[in-house]
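Take a look at the model before reading on.

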Amino acid sequence: MANTDLLKELRIEKHQREEHGQGPGRWPWIVAVVLVVLMLLGLGGWWLTGRRPLEVQTAVAQSPASNAGAGAVLQATGYVTARRQATVSAQITGTLTHVLIEEGDHVKLGQIVARLDDAQYKAALEAARTQAAAAHALVAQFQAQLVQNIKDAERQESLVTKGLVAKQAAEQARTLVDTSRAQLVSQQRQAASADAQVVVARVNFDYCVIRAPFDGVITTKDAQVGEIISPFSAGGGFTRTGVGTIVDMDSLEVDVDVNEAYIGRVKPNMPAEAVLDAYPDWKIPAHVIAIVPAADRGKATVKVRVALEQKDLRIVPDMGVRVSFLEQKQDHPIAQAPGGALVPAPAIAQRDGHAVVFVVSDEIAQQRTVTPAASSQGDLRLLPAGVKVGDTVVVSPPIELKDGMRVVATGKPKD
């Protein structure tokens, strides 16, 4: 029995044999998994490092016309203004029955732009005409009576000479003539007053027709049919004070504010060039009209009036404009600017024996083959094709920069 128990103690159970057999084989698998994870992490880091945006410096391609500061002693900004501008209104209060203008319409001097309800003024005109006619009828009556009284007085004088009637009868006849003549003069004055009332009524009636005060373009339409219009602000805001605004486009000029520290550089009739913010490639020849003899103490500026020597439909009031005051008038101010775009010379690199420029769009560098023009403007090179004005280009592109790579500007793009 004792030997049997001893043999049982020496026997190895099944679960003990499995644990003993698996122990040495688990570690190689663990080491393999760790090595695979490390390899994946290394590959991921290498991939992320390769995809990280390349830091570059950038600049904006300029227009050949925008580099027009040469020869300028001073530059200032301002706005296009109209020296002749008016809000068309009525001289009487009335209800609009017709509005014959729209924004952008060209109108001529005296052209009808609106009509008011004229029923009341038409009736007043007819009444004035009737009163004037009655006054003139009385004038005719008094004229006839005066003629008759003069004849009666002459007969009485004849009878007095012959001694047939008393002198008193002749005197009474002369008095009656003088009275009739005075009544005629008074009635003539009343007839003239009635005629003046007709003129007043006709003027008021004509005020029902609103006309353009000068040639120009309608810029705003401020009233509609059915609204009350008045030359006075009344009715708690329910009345309009104008039908629309008309601008004489031939009177457009530029008002610029020049810092008072540099106003001494500006002289009357000084040549200048104006560039509209809306059309940066268009240089407009101009000259100084006058320096307004007043300063703005808040802005420390002096207003300068500048005349535009070219008229164009693209020039409209309140446009932003940049004015360059020139030392002398340009020989060819209207010459066509060359096409293409100006880029910094370092932006042009050599790749595979060709001149290329990297244009950045949505943080992606696109390689473009270019042929620089022979002419240059300072440190800028003219590219007739391949780059457009406003494109962002890479300055001094690194050798590792390739087409299609992601890039990020190191700072604000250079203008």
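A pocket is an open set of points on a 1 Å grid over the protein atoms alone, where a 1.4 Å probe fits, with protein on both sides within 12 Å along at least five of seven lines; lining residues have an atom within 4 Å of a point. A volume is the space filled by probe spheres set on the points, which are joined across faces, edges and corners. The model is predicted: local features need pLDDT of at least 70, side-chain atom pairs count only at pLDDT 80 or more, and totals for chains, interfaces and linings use all residues. Residues are numbered from 1 along each chain as its sequence is written, and side-chain values use heavy atoms, without hydrogens and water.

Q: What is the volume of the second largest pocket?
A: The lining of this second largest pocket has 17 residues. The pocket's volume is about 330 Å³.

Q: Is Asp318 buried or exposed?
A: Asp318 sits in the loop between strand S15 (301-308) and strand S16 (320-326). Its phi is positive, near 70°. Buried means under 20% relative accessible area, exposed over 50%, partly exposed in between (1.4 Å probe, protein chains only). At a relative accessible area of 62%, Asp318 is exposed.

Q: What is the phi of Glu363 near?
A: Most residues other than glycine have a negative phi. Glu363 lies in the loop between strand S19 (354-361) and strand S20 (364-369). Glu363 is partly exposed, at 44% relative accessibility. Its phi is positive, near 65°.

Notes: Helices (H or I, at least four residues) and strands (E, at least two) are DSSP runs, numbered from the N terminus.
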